[in-house]
Amino acid sequence: MAVPVTQPHDGQQETPLTGPERALAALRAGIRSGRYVPGQRLVEADLTRELDVGRNSLREAFSRLHSEGLLVIEPHRGASIRRLSRADVAELYDLSEVLEGLAARRAAERAGDPGSAEALAAGVAELSTGSSGDAMSSLGAIARFHARIAELGGSPRLTELLDRLHIQTFSFQLRYARGDGLAGMGDSSLSEHLAVARAISAGDPEAAERLMREHLRNARERFLRLPDSDFA
């Protein structure tokens, strides 16, 4: 697994990531990509070798991910990827609806900023292309589109909060897309995303927020229709 070895510092220089930071970045990437799946036990000895970090660094990363709701840490059993209940998923999407609605509103308010139109157009083009690909490419395009909207809103803190929510809901999105969800995504989710993009491009904050919130409510209902076996 490729792991970033540097990070920006004050927008000027890059500094090497510490051991805990490397482990944290790699584990988050693995959860996001589906490499680590809900319920999977994380074996310390394997991960210290794979990530080239010490046990203390790995445990520090585990502790951080546990605090973010991504891992379960049990005495004598170690760490495992957290499985979400239906109530967990419903709550995560309720939060996403509010925060992503705000992100879309802010993006529409800044639609006239230099480079905004071009960035949004690039996101729409990638989204349209990705919707015809496999599950991973489709979900990747969707994730980047949502992240782009948050970035256009100009709030790094909001972008970070949404990124954490997206990681937690990824496993449900991937399972849905790998089943019969790709056709549904092409017919419904794609059109919902494009409607949001048009409202942002038109500089209409009210419509952008309303359409994004409607999209997240629809996604919530789609994922909550998954079978009981997909939930904790």
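These legends go with close-up views of a predicted model. Local features need pLDDT of at least 70 and side-chain atom pairs count only at pLDDT 80 or more, while totals for chains, interfaces and linings use all residues. Residues are numbered from 1 along each chain as its sequence is written, and side-chain values use heavy atoms, with hydrogens and water left out.

**View A. Helix α2 meets helix α3.** Here α2 (residues 44-51) packs on α3 (residues 55-67) at about 105°, axes 10 Å apart. Axes are lines fitted to C-alpha atoms over the stretch in contact, and angles run from 0 to 180 degrees between N-to-C directions. The two helices are therefore roughly perpendicular (65 to 115 degrees). Glu-44, Leu-47, Thr-48 and Leu-51 of α2 touch Arg-55, Leu-58, Arg-59 and Phe-62 of α3 (contact: heavy atoms within 4.5 Å). Helices are DSSP runs of H or I, at least four residues, and strands are runs of E, at least two.

**View B. Strand β5 and its two partners, β3 and β4.** β5 (residues 78-81) pairs antiparallel with β3 (residues 41-42) over two bridges, and Arg-41 sits opposite Ser-80. Pairing takes at least two DSSP bridges. On β4 (residues 71-74), four bridges join antiparallel to β5, with Ile-73 partnering Ala-79. β4 and β5 make a hairpin with three residues between them, where His-76 in the turn has a positive phi of about 70°.

**View C. Tyr-93 and Phe-223, a tilted aromatic pair.** The rings lie 5.4 Å centre to centre, with 40° between the planes (pairs need centres within 6.5 Å; tilted is what remains between stacked, under 30 degrees, and edge-to-face, over 60). Tyr-93 belongs to α4 (residues 86-109) and Phe-223 to α8 (residues 205-224), 130 residues apart. Both are buried (under 20% relative accessible area, 1.4 Å probe, protein chains only).

Note on methods:
Angles under 35 degrees count as roughly parallel, over 145 as roughly antiparallel, 65 to 115 as roughly perpendicular and the rest as oblique. Rings of Phe, Tyr and Trp (its six-membered ring) pair if their centres lie within 6.5 Å; planes under 30 degrees apart count as stacked, over 60 as edge-to-face and the rest as tilted. Buried means under 20% relative accessible area, exposed over 50%, partly exposed in between (1.4 Å probe, protein chains only).
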